[in-house]
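The following exercises are intended for a reader who is meeting this structure for the first time.

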Amino acid sequence: MPFSQNTNVRPRILIVGGGYLGFITAKKLLAGLNLGEGSVTVVDPNPYMTYQPFLPEVAAGSIEPRHAVVSLRRHLSRTKVIEAKVTYVDRKELNAGRMVKVEQSTPDAVAQAVCACCDAIAACAEACTCC
């Protein structure tokens, strides 16, 4: 899976969204990357993925709520998970790596802007149900 001509550089892959599409994308990327070949980061406001089809069963009491959510950190152990929202993607610096600004909410509800640099971006953002 070559990302650049320089083999000494590890590709940094950023996945925006940790829903079903982001989860599966990260899982497939990690399956194709050997240990140390690259880094995968998932940015999502929630550190978990919700199985939407199970929500009616949770509401009916057929299954427990913990069975309808999947922890991203537990199931994507080689992935860095950032609890934040992506607010800006710099599309100009295509060759030198892309700069992405994310906004993290701290426990006292003060937003902090953080910059991250990546080589490839997978836009897997889904509908926001947290607003």
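The model examined here is predicted.

**Exercise 1.** Determine which elements the buried residues of α1 pack against, and where on the helix these residues lie.

*Solution.* Step 1: the packing partners of the buried residues of α1 are β1, β2, β3 (48-50), β4 (69-71), α3 (72-75) and β5 (79-83). Step 2: the buried residues in α1 are Gly22, Phe23, Ala26, Leu29 and Leu30. Step 3: these residues lie on the same side of α1 because they cover an arc of only 135° around the axis. Step 4: Tyr20, Lys28 and Ala31, on the other side of α1, are exposed.

**Exercise 2.** Compare the span of α1 with the expected value.

*Solution.* From first C-alpha to last, the 13 residues of α1 reach 19 Å, which is close to the 18 Å expected at 1.5 Å a residue.

**Exercise 3.** Describe the largest nonpolar core and identify the residues that touch the most other members.

*Solution.* Step 1: this core holds 17 residues, of which Ile15, Val40, Leu72 and Leu76 touch the most other members. Step 2: two or more residues each come from β1 (12-16), α1 (20-32), β2 and β9 (120-123). Step 3: α1 supplies the largest share, 4 residues. Step 4: a second, separate core has 8 residues, including Leu14, Ala84, Val100 and Cys118.

**Exercise 4.** Is Thr41 buried or exposed?

*Solution.* Step 1: Thr41 is located in strand β2 (residues 39-44). Step 2: the relative accessible area of Thr41 is 15%, and the cut-off for buried is under 20%; Thr41 is therefore buried. Step 3: beyond four places in sequence, Thr41 touches Ile13, Leu14, Ile15, Thr79, Lys80 and Ile82.

How values were computed. Residues are numbered from 1 along each chain as its sequence is written. This is a predicted model: local features need pLDDT of at least 70, side-chain atom pairs count only at pLDDT 80 or more; totals for chains, interfaces and linings use all residues. Side-chain values use heavy atoms; hydrogens and water are left out. Buried means under 20% relative accessible area, exposed over 50%, partly exposed in between (1.4 Å probe, protein chains only). Contact means heavy atoms within 4.5 Å. A nonpolar core is a set of buried Ala, Val, Leu, Ile, Met, Phe, Trp, Tyr and Cys residues joined through side-chain atoms within 4.5 Å. The expected span of a helix is 1.5 Å times one less than its number of residues. The arc is that of the directions from the helix axis to the C-beta atoms.
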